[in-house]
Amino acid sequence: MLEVDDVVVQVTRDVEAVRFPWPSQTISDILMCSQYYCKHVGGKLERIPMESLENKYVMLYFAAQWNTACTSFRPKLDDIYSQLKEYRSNKNDFELLLVSADRYEDEYYEHLSGASFGAIDYRDEECRAGLMRRLKVCAGPVLAMLSPAVDGNRSVINYQLLPSFTSGSIADFPFHPKLYGDIKDDPLAMNEEMCILILCELSDDIVQEYVKEACISASKELQTQSANVKIFWVFEPNQVSDCIRQSTCLSQTEDIQMILLDLPNDSTYYIPSKPIDEDLSAQDIMQFYHAPGLKRRLA
């Protein structure tokens with residue numbers, strides 16, 4: 001379906017309706033709007049045909065030189081990209097492209113200086129703006145993974161690759177979204193889908209390891225049931241856990257605590273009626289998911 005933003009853009013660029021009814025552009029269509037991408041090769045910035053990426057995974061890095069969050073993340077990005085190129089058995093089945101939101105062309109070239117990865121040409125504003133619209137990017141840094149083209153079409157494997165880059169392993173390539181993890185690595189997930197959180201900030205390392213194993217096992221089992229839920233653990237106090245506790249009026253104790261948050265569904269949440277044992281199991285988590293008890297609403 002053609003989105004409203006796409007209609008506005010296409011009508012603006014085709015006022016005589018030559019291309020009516022303005023068919024929806026896929027990710028591949030937008031990417032191929034640019035015939036070339038830029039990359040340093042042998043110390044020189046070269047223009048490489050975009051079609052050379054057809055059978056490759058493509059990571060899109062949305063960022064701007066003026067954005068401090070982007071410049072802070074850049075060393076980590078360079079490191080992971082270098083590791084992927086060095087240690088993956090197939091070093092040439094992927095590419096990373098900067099999609100610049102820089103305000104001036106000089107900023108773009110400064111951003112690209114010293115980079116081993118490529119970039120969408122700054123002058124190709126249609127391609128850059130189209131990718132930002134299609135992936136609904138409002139502010140960087142954002143990193144997305146696209147599949148290789150199949151019959152000319154690409155799918156989005158992961159819209160939010162940053163958590164995988166921050167806490168994952170290069171062995172996880174192509175970084176399919178995980179439905180479990182540490183909430184501090186993916187706090188925005190709570191705003192987008194139902195989440196179960198296991199809070200045990202004061203537990204010892206052994207207990208926390210059992211909790212982690214239970215979360216992973218429960219998540220994998222729930223996936224087989226097509227359950228639309230993510231499971232996260234909280235092992236140390238942080239701004240995210242403090243906000244959760246404050247919003248749900250849940251005080252920090254030495255016990256394991258569990259919450260089912262459903263913020264997209266009218267900001268509802270659930271808390272077990274009975275205390276959680278230290279030997280929390282995957283079965284305990286799944287039972288809570290299927291029968292969470294009394295519905296509550298965040299204040």
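## Close-up views of a predicted model

**View 1. Tryptophan 66 and the residues it meets.** Beyond the neighbours within four places in sequence, tryptophan 66 makes contact with Ala101, Asp102, Arg103 and Glu107. This is a predicted model, and we start here in the loop between β3 (57–63) and α3 (68–87), where tryptophan 66 lies. A polar atom of the tryptophan 66 side chain sits 3.3 Å from the backbone oxygen of alanine 101. Have a look at tyrosine 108 too: its C-alpha is 9.8 Å from that of tryptophan 66, although 42 residues separate the pair in sequence. With a relative accessible area of 41%, tryptophan 66 is partly exposed.

**View 2. The largest pocket and its lining.** This pocket holds about 1000 Å³ of space. Its lining is made up of 41 residues, and Gln160, Leu162, Pro163, Ser164 and Asp186 are the closest to the centre. Two or more lining residues come from each of β6 (142–146), β7 (156–158), α6 (162–167), β8 (180–182), α8 (205–224) and β10 (230–234). Helix α6 gives the most, with five residues. Sorted by class, the lining has 20 nonpolar, ten polar and eleven charged residues.

**View 3. The second largest pocket.** Here the volume is about 310 Å³. Of the 18 residues that line this pocket, those nearest its centre are Pro272, Ser273, Lys274, Ile276 and Phe288. Helix α10 (residues 282–290) gives the most to the lining, with three residues. In this second largest pocket, ten lining residues are nonpolar, three are polar and five are charged.

**View 4. Helix α8 from end to end.** Let us follow this helix along its length. Helix α8 has 20 residues, and the distance from its first C-alpha to its last is 29 Å, close to the 28 Å expected at 1.5 Å a residue. At its start, a side-chain oxygen of aspartate 204 comes to within 3.1 Å of the backbone nitrogen of isoleucine 206. After α8 comes serine 226, with a positive phi near 60°.

**View 5. The buried residues of α8.** The buried residues of this helix are Val207, Gln208, Val211, Ala214, Cys215, Ile216, Ala218, Ser219 and Leu222. For the spacing along such a list, recall that an α-helix has 3.6 residues a turn, so residues three or four places apart point the same way. What do the buried residues of α8 pack against? Their partners are β8, β9 (195–199), β10 and α10.

Note on methods
Residues numbered from 1 in each chain as written. Predicted model: local features only at pLDDT ≥ 70, side-chain atom pairs only at ≥ 80, totals over all residues. Heavy atoms only, no water. Helix = DSSP H or I, 4+ residues; strand = E, 2+ residues; numbered from the N terminus. Buried < 20%, exposed > 50% of the residue type's maximum accessible area, 1.4 Å probe, protein only. Contact = heavy atoms within 4.5 Å. Polar contact = N/O pair within 3.5 Å; in protein donor to acceptor, adjacent residues only side chain to side chain. 1 Å grid on protein atoms, 1.4 Å probe; cavity = no way out; pocket = protein on both sides within 12 Å on 5 of 7 lines; lining within 4 Å. Points joined across faces, edges and corners; volume = space filled by probe spheres on them. Nonpolar A, V, L, I, M, F, W, Y, C, P; charged D, E, K, R; others polar. Expected span 1.5 Å × (residues − 1).
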